[in-house]
Each structure stands twice: as structure tokens, then as C-alpha cells.
Amino acid sequence: MARQKTALGRVGWTRLSWVVALVLLFNPNMHGVDILPDAVGYLLLIHALRRVATLDDSFAEASRLLGRMAWLSAARLVGLVWIIAVPGANEQPTLLLLLSFVLGVLELITVFPACHQLFRGLAYLGSRMGGEVVLTSVRAERNRRILKALERPMSEGRRARLERKLKKPVGGDMTDRACLDCLIFAVVKTVLCVLPELSALSEPTYREGVTLVNWYAYVNLFRVAALAVGSVVGLVWLCRMARYLLRIEADTSLWETLEMRCDEDERNHPERLPARHLRLFVGLTFAAFVFCINFSVDNVNLFPSVLTPLILLGALSVLRQYLSRLTVWLCALCCAVSTAASGVAMAMSLSFFAKYDVSAYFRSETVQRAYDGVFVVTVIESVATALMLVLLFVVLWQMIARYTGHHDAATFCYTKEEIIRVRRRQLVGHTVPVLVLGILSAAAHPVYVYLLPEYDFVWLIDVGVALLFVFFAWMRLGDWREELDPHAMLDGRKVK
């Protein structure tokens with residue numbers, strides 16, 4: 001048993017990870033509100049499949065589709081916040097229906113192939129690696145549970161019912177049944193999210209006198225009913241999946257063989273580790289850049305900029321073994337300063353807008369002094385952010401100089417060394433516009449704060465520049481990652 005648990009842990013499939021993932025996924029969505037975030041559950045499943053995804057394409061495809069599900073879950077939350085904050089009250093019911101329906105369809109389009117790929121990969125590995133439980137028939141598993149129950153004392157009536165149940169034919173194997181359970185649960189969860197919002201279609205016709213009943217007046221009752229039914233269905237799915245996963249955990253031969261195959265595969269492909277570090281770094285860096293978008297609703301920033309240096313610090317820590325010690329410490333110091341500046345700026349801004357109205361800036365000296373303080377700390381925050389971005393791109397350029405151009409290439413016009421210099425120069429040139437847009441985005445926020453008392457529309461400039469910055473970063477960071485050579489990074493891990 002200890003060997004089995006060790007094998008499960010080394011493969012990445014720990015009991016804690018899948019229990020938490022199932023708990024996060026079982027709860028229904030009520031008009032887009034996800035009480036327990038599904039995105040975190042999908043990320044936990046992706047992490048659990050990380051090692052086995054390199055052995056089988058089905059798991060790799062399942063991981064990619066689960067990542068798309070995580071993005072859709074995040075998009076649902078962003079869309080819900082926007083619908084509540086921006087449009088008028090009359091448009092919200094229809095927009096909620098549109099959001100639930102569109103994202104529900106997209107999620108079903110994604111979750112169906114994801115489930116098929118996941119369980120097909122599990123069945124394939126079970127057949128190739130001596131799995132004994134994964135491909136067990138449903139009837140054999142049902143009879144095993146019944147026989148185990150018959151060993152306990154019970155009433156004659158219950159014993160007779162169990163004995164009759166033993167004779168009922170049931171087809172398929174456990175893995176197919178688990179896949180079907182997941183598909184049914186996904187459909188029910190989506191339908192129960194959309195059905196209450198369909199009552200929004202009756203509100204316009206009721207206002208025009210076409211229909212006699214305004215069903216949308218009872219939408220909260222419909223939502224509660226859908227939530228109750230969804231919770232029951234979710235609990236049934238949770239129990240069935242937990243029982244299935246506990247059973248396949250007992251497949252000792254499968255997990256031990258899978259552990260050995262994963263270890264062998266990683267020994268044969270050591271370059272996958274730095275490649276994984278690069279993907280994680282690019283993902284975290286892009287997430288940090290998203291929080292540079294200063295989009296405010298009622299003077300509250302929906303993307304708090306204080307998270308940008310914290311996420312960037314986490315991203316840079318992923319690459320610490322490929323950077324010099326001085327660079328690592330400079331990055332940590334710069335991120336710490338930027339975090340402090342952003343935190344103070346956010347606290348002062350929230351405090352100001354909670355006490356004063358910015359439109360009174362030219363009428364009240366008290367408001368003017370308080371807002372000038374907000375402007376000063378915003379300028380300090382902007383300078384700290386710009387310095388942090390400069391240091392980040394210095395790191396990118398150091399990585400370009402060390403780990404690009406190691407591929408064999410030459411033409412009749414250029415030698416290998418000349419091609420290496422050209423590729424490095426071009427890649428640096430590709431990243432410079434991103435840095436320029438990042439600095440402009442950092443500078444645009446103090447301009448927005450300075451002009452806000454007089455002009456309401458200046459937020460368009462601030463948000464527009466930030467969106468350009470995020471868009472270009474998304475394109476260029478992908479090019480940067482693809483140009484780096486993971487084999488060269490293996491040799492350079494001990495840089496001091």
C-alpha cells in the first residue's frame with residue numbers, strides 16, 4: 001500500500017488533488033455565479049495530468065481542453081462582472097441569458113472531447129500497462145459491492161433484493177460508465193444554468209402587453225429550484241466519481257508501471273523541464289500584464305495593479321536557476337518596491353473615492369489636497385512599474401543572448417555565427433515594442449488620474465494603451481519562448 005501511494009504521488013495523481021477538484025466542480029452555476037471556482041478545479045486536474053500527458057497524446061489533448069475550460073470559467077466571471085457593473089438594469093436579464101447560453105454551449109463543445117480523451121487515455125494505459133481495475137466491467141464491480149454487502153447482517157427483505165440485483169445484466173466497463181456520468185453531469189449543469197434565465201424572454205413581451213404573465217418576476221424562485229436540483233445531481237456525480245477514483249487507486253500494477261515509464265521518459269527527455277519552466281513563465285507574465293489594465297467601475301479597479309509585481313515575482317522565480325544571482329536579487333527588490341508603491345496607491349485611491357467626489361476638485365481645497373496626494377503616489381507607482389518592466393525585459397534579453405541561436409543553421413550567404421547574431425538581434429527587436437507599450441501604459445495611468453477631474457472619457461486612453469500592451473505581449477512572448485533552446489538551458493542552469 002505504501003508503494004502504491006508513493007507511485008500515485010510521483011505520477012502526480014494524489015488523493016487530495018482530485019478530491020479538491022471534484023468538490024470545486026460539483027457545484028451548479030446560478031446565472032453565471034460560480035460559488036466554488038471551476039477554473040481552480042480544472043487547473044488541479046491539469047497539474048495531476050502533467051507527467052502522464054507526455055506519455056499519451058490523449059492525456060495531452062485532455063490537458064489542453066481542460067485549460068480551455070479554465071479560460072471559459074474565467075470568462076464567465078468577467079462577463080458577469082461587466083453585465084452587473086456597466087449596462088442598465090433593463091438590459092441585464094437578456095445579457096445574463098446570452099452569457100449563460102453562449103458559454104454553456106462553448107463549455108459543452110469543449111468538455112465532451114475532453115472527457116472522451118481523458119477516459120480513453122486511461123483505458124489505453126490500463127490495457128498497455130497491466131491495469132486490472134480500470135477495465136473492470138460494471139457488472140463485476142456491482143456484484144463485488146453486493147457480495148461484500150451480503151456479508152454484513154441485514155433483513156431478509158433487503159437480502160432478497162440484493163440477490164435479485166445480482167442476476168440483472170449490466171453492460172460496459174467502469175471507465176465508460178464514468179465517462180458517461182461526466183457527460184450527463186455537464187449537460188445537466190449547463191441546462192440548469194440556462195433554464196431560469198429563459199424567463200427573461202417574457203419580460204419585453206409583458207411590458208408590451210403581448211403576454212399576461214411576467215415569468216421573469218419569479219426568476220429568483222427558478223434559480224433556487226435549479227440550484228437545488230443541480231446540487232442533488234452534483235452530489236450524486238461527486239459520490240460516483242469518488243467511488244470510481246478510489247477503485248482505480250487500488251490498481252497497484254498500473255500505477256507502479258506508469259511511474260517507471262514516466263521516470264524513464266523524463267530521463268530520456270531532460271529538456272522538457274526547462275521547456276515547462278518557459279511555458280509557466282510566459283503564462284504568469286501574461287497574467288501579470290493583464291492586471292496592468294486599469295479598468296474601473298465606480299472608481300474601483302477590477303484588475304488591481306498590486307497583483308502585477310507579485311505575479312511577476314512568481315514568474316521570475318521560475319527562471320531563477322537560469323539567471324545570475326545578482327539578477328535574481330535585483331528582480332526581487334524591484335518587485336518588492338513596485339508592490340509597496342502599488343499597494344499604497346490603491347489604498348489611497350480607495351480611501352479618497354470613499355470619502356470625496358472627484359467632481360468637487362475645483363470647488364474644495366480639501367478634495368484638491370487629497371486628490372493631489374493620490375496623483376503623487378500614482379506617479380511613484382508608475383515609475384516603479386516602468387522600472388520593473390525594464391528589468392523584466394533585461395532578463396528576457398539576457399535569456400536571448402544565452403539560450404538562442406544554438407540550432408544548427410547556415411546558408412551560402414551567412415555562416416552559422418552570423419545567423420545566430422541576426423536571430424538574436426531580430427528577437428530583441430521584436431520585444432522592444434512590447435517594452436515601449438508597457439512604459440506608455442504605466443505612464444498613461446497618471447495622465448488619467450491628472451485629467452479625471454475635468455474629463456470623464458480619459459479612461460479610454462488608459463485602458464486602450466494597456467490593451468495594446470497586453471495584445472502585443474501575448475504575441476511576442478510566444479515568439480520569445482519558441483526561439484529559446486531548452487537543451488542549451490540545461491547546460492546553463494548553473495549560471496552565477
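Let's start with the open space: the largest pocket holds about 2300 Å³. This is a predicted model, so local features need pLDDT of at least 70 and side-chain atom pairs count only at pLDDT 80 or more, while totals for chains, interfaces and linings use all residues. Residues are numbered from 1 along each chain as its sequence is written, and side-chain values use heavy atoms, with hydrogens and water left out.

A word on terms. On a 1 Å grid over the protein atoms alone, a pocket is an open set of points with protein on both sides within 12 Å along at least five of seven lines, a cavity is a set where a 1.4 Å probe fits but cannot get out, and lining residues have an atom within 4 Å of a point. Grid points are joined across faces, edges and corners, and a volume is the space filled by probe spheres set on the points.

Back to that pocket. Its lining has 50 residues, and Leu43, Gly67, Ala70, Trp71 and Gly283 lie nearest the centre. Helix 4 provides the largest share, 15 residues, and helix 3 (38-48), helix 12 (272-290) and helix 17 are among the helices that supply at least two each. (Helices are DSSP runs of H or I, at least four residues, numbered from the N terminus.)

Helix 17 covers residues 459-483, and because 25 residues at 1.5 Å a residue should span 36 Å, the 36 Å between its end C-alpha atoms agrees; the expected span is 1.5 Å times one less than the number of residues. Among its buried residues are Asp462, Phe469 and Trp480, where buried means under 20% relative accessible area, exposed over 50% and partly exposed in between (1.4 Å probe, protein chains only).

The whole structure has four cavities of 30 Å³ or more. The largest has a volume of about 730 Å³, and of the 42 residues lining it, Leu25, Leu45, Leu66, Leu118 and Cys182 are the closest to its centre. Helix 5 gives the most to this lining, with 10 residues.

The second largest cavity contains about 170 Å³ of space. Its lining has 17 residues, with Asn294, Ser305, Glu381, Thr385 and Ala442 nearest the centre. Here helix 15 gives the most, six residues.

With a relative accessible area of 23%, Ser364 is partly exposed, and its side chain reaches the backbone nitrogen of Val367 at 3.4 Å.

Notes
A polar contact is a pair of N or O atoms within 3.5 Å; within protein, one must be able to donate a hydrogen and the other to accept it, and residues adjacent in sequence count only if both atoms are side-chain atoms.
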